[in-house]
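Please keep the sequence and the structure in view while reading.

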Amino acid sequence: MIPLPEVALPLGLSGTAELPFTRKALRNCWNDNGNIVQRPGFSLISNNGLVARGEFEWNGGLYAVASQSLIKITNVLTGAYSVIGTITGTASIRTANGFNTAVIIVRGGALYTLDKSDGLTDISDESNIVPCNSVSHLNGRFLYIPSDGSVAFFSDVGAAATVQTASFFDAEQLPDNNNESYQLNNILYIAGDNSTQAFVDRGTSPVPFQPQTGRIDVGIIGGVVETQDSSTGTTAVLFIGKKKDQTPSIFASIAGSASKVSNEAIDEIINTYTEAQLASVVSGRYIWKSHDVVYFTLANDSFGFYRGQWHGLDTLINGVDVPWQAGYIQEFGGKYYSFYAGNFSVMANVNKDSGNSFTRVIDNGIEQGGSFSAQTMQYHMSQGYNSADGSVYLSMSDDNVLYGPRVSASTGKEGHY
């Protein structure tokens with residue numbers, strides 16, 4: 001018997017629109033060593049009608065900024081919440097946790113502290129504090145990056161609202177506007193338009209943060225998220241950024257260097273947006289069955305990153321695929337909660353995002369030298385794990401642009417393997 005040829009499954013989202021035969025895609029699933037893993041969905045807990053601007057954990061509680069309110073989720077099973085106070089503006093928030101307070105900043109707007117008694121204080125008018133885009137916490141101090149790109153400043157130890165007149169620094173080797181900060185392995189990184197500088201807390205006075213030798217010749221636009229390679233244990237920070245005089249891409253920063261990780265397909269998406277739009281990206285990380293996944297959501301596109309490969313993310317609403325209807329995902333109590341578009345949901349092994357269905361797609365080409373014909377095709381998949389009947393469909397194309405009708409088959413419900 002002649003063995004049946006096997007077609008390798010795509011690794012992720014790749015190729016460009018200019019060369020349609022190069023395009024391959026995984027949507028709402030990813031490739032893990034040759035096996036296609038389906039992404040989880042989110043079970044809707046409640047819809048509070050508010051506009052989510054960010055979610056974070058603090059002092060054993062789950063908090064979110066929704067419309068112009070800071071809320072505390074008092075019951076994760078029902079979505080019940082209490083209102084702590086007012087957060088002005090409409091922009092997304094950034095947070096950092098200290099020993100005795102958390103800091104909440106509205107990008108380009110007000111700054112607040114939240115103490116362990118849920119006391120919310122507006123610190124915007126405190127001396128030497130100005131609107132900021134980013135905040136980090138390192139060795140008891142909060143480090144702030146002003147929205148106007150000017151020099152960074154830091155607080156006294158344990159006092160987020162206290163900034164001395166000498167607590168400003170900007171020792172970059174390549175001067176450019178400051179945009180962002182993050183800390184990795186207790187090293188502080190401050191990024192500008194085209195470069196990133198590392199600083200170490202040496203305990204010196206009046207400025208304890210001293211620059212490291214060398215710089216990273218990549219600036220940061222937005223979307224900073226920390227992740228870890230489960231196979232190597234290496235921690236990295238992913239972000240949307242760019243090198244001087246080049247177009248934006250996605251980079252991974254590891255131990256004082258940054259390498260480009262986005263491919264042509266992702267770059268093609270990114271470069272349809274302005275830098276101001278890219279700065280508003282919603283990014284984050286979740287772990288699903290040991291798979292450590294990073295996601296980025298823009299106005300019209302959403303995609304995930306797993307072990308060096310990309311996959312598309314979307315949700316089906318009224319028969320139309322729209323960007324993934326999950327975001328501001330926060331781990332709390334061993335589960336992952338999404339607060340997005342008013343929906344408070346929990347990650348689960350379901351085929352819906354907050355009540356809206358989504359389709360998992362494997363879009364692949366058959367590469368074969370010369371001409372050939374296929375009388376049959378077989379696709380092997382795990383089934384019998386869903387509580388309701390599902391289906392699988394096949395649609396084919398001669399040009400990887402226009403696809404024919406779908407041929408579908410039912411899959412087994414739970415226990416029908």
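Strand β1 (residues 14-16) and strand β2 (residues 19-27) pair in the antiparallel sense over two bridges. Strands here are DSSP runs of E with at least two residues, helices are runs of H or I with at least four, and both are numbered from the N terminus. Two strands are said to pair if DSSP finds at least two bridges between them. Opposite Leu19 in β2 stands Thr16, and the hairpin formed by β1 and β2 has two residues between the strands.

β2 is also joined to strand β37 (residues 361-363) by three bridges, again in an antiparallel run. Leu26 has Ile362 as its bridge partner in β37.

## Basis of the values

This is a predicted model, in which local features need pLDDT of at least 70 and side-chain atom pairs count only at pLDDT 80 or more, while totals for chains, interfaces and linings use all residues. Residues are numbered from 1 along each chain as its sequence is written, and side-chain values use heavy atoms, with hydrogens and water left out.

## Nonpolar cores

A nonpolar core is a set of buried Ala, Val, Leu, Ile, Met, Phe, Trp, Tyr and Cys residues joined through side-chain atoms within 4.5 Å. Buried means under 20% relative accessible area, exposed means over 50%, and partly exposed is in between (1.4 Å probe, protein chains only). The largest core has 28 residues, of which Trp30, Tyr286, Tyr295, Trp324, Ile329 and Phe339 touch the most other members. Two or more residues come from each of β7 (61-66), β8 (69-75), β26 (282-288), β27 (291-297), β33 (335-340) and β34 (343-348). β33 gives the largest share, four residues.

A second, separate core has 23 residues, including Ile240, Ile266, Ala279 and Leu298. In soluble globular proteins, nonpolar side chains tend to be buried together.

Contact means heavy atoms within 4.5 Å. Leaving aside neighbours within four places in sequence, Trp30 is in contact with residues including Tyr286, Trp288, His291, Val293, Tyr306 and His311.

Trp30 also lines the largest cavity, together with Leu11, Gly12, Leu26, Cys29, Asn31, Tyr306, Gln309, Trp310 and His311. A cavity is a set of points on a 1 Å grid over the protein atoms alone where a 1.4 Å probe fits but cannot get out; a pocket is an open set with protein on both sides within 12 Å along at least five of seven lines, and lining residues have an atom within 4 Å of a point. Grid points are joined across faces, edges and corners, and a volume is the space filled by probe spheres set on the points. The whole structure has one cavity of 30 Å³ or more, and the volume of the largest cavity is about 40 Å³. β3 (29-32) and β29 (309-312) each supply at least two lining residues. The lining has six nonpolar, four polar and no charged residues. In this grouping Ala, Val, Leu, Ile, Met, Phe, Trp, Tyr, Cys and Pro are nonpolar, Asp, Glu, Lys and Arg are charged, and the others, Gly among them, are polar.

## The second largest pocket

The second largest pocket has a volume of about 1,300 Å³. Arg94, Thr95, Val224, Val225 and Gln330 are the closest to its centre among 37 lining residues. The lining divides into 15 nonpolar, 14 polar and eight charged residues.

Gln330 is in strand β32 and is buried, with a relative accessible area of 19%. Beyond its neighbours within four places in sequence, Gln330 is in contact with Glu55, Phe56, Glu57, Leu62, Lys335, Tyr336 and Tyr337.

## Loop residues

The peptide bond from Ser205 to Pro206 is cis, with omega near 5°; Pro206 is in the loop between β20 (196-201) and β21 (209-211). Lys289, not a glycine, has a positive phi of about 50°. Lys289 lies in the loop between β26 and β27 and is exposed, at 57% relative accessible area. Ala341, also not a glycine, has a positive phi of about 55° and is found in the loop between β33 and β34.

Ile123, in the loop between β13 (120-122) and β14, counts as buried at 1% relative accessibility.
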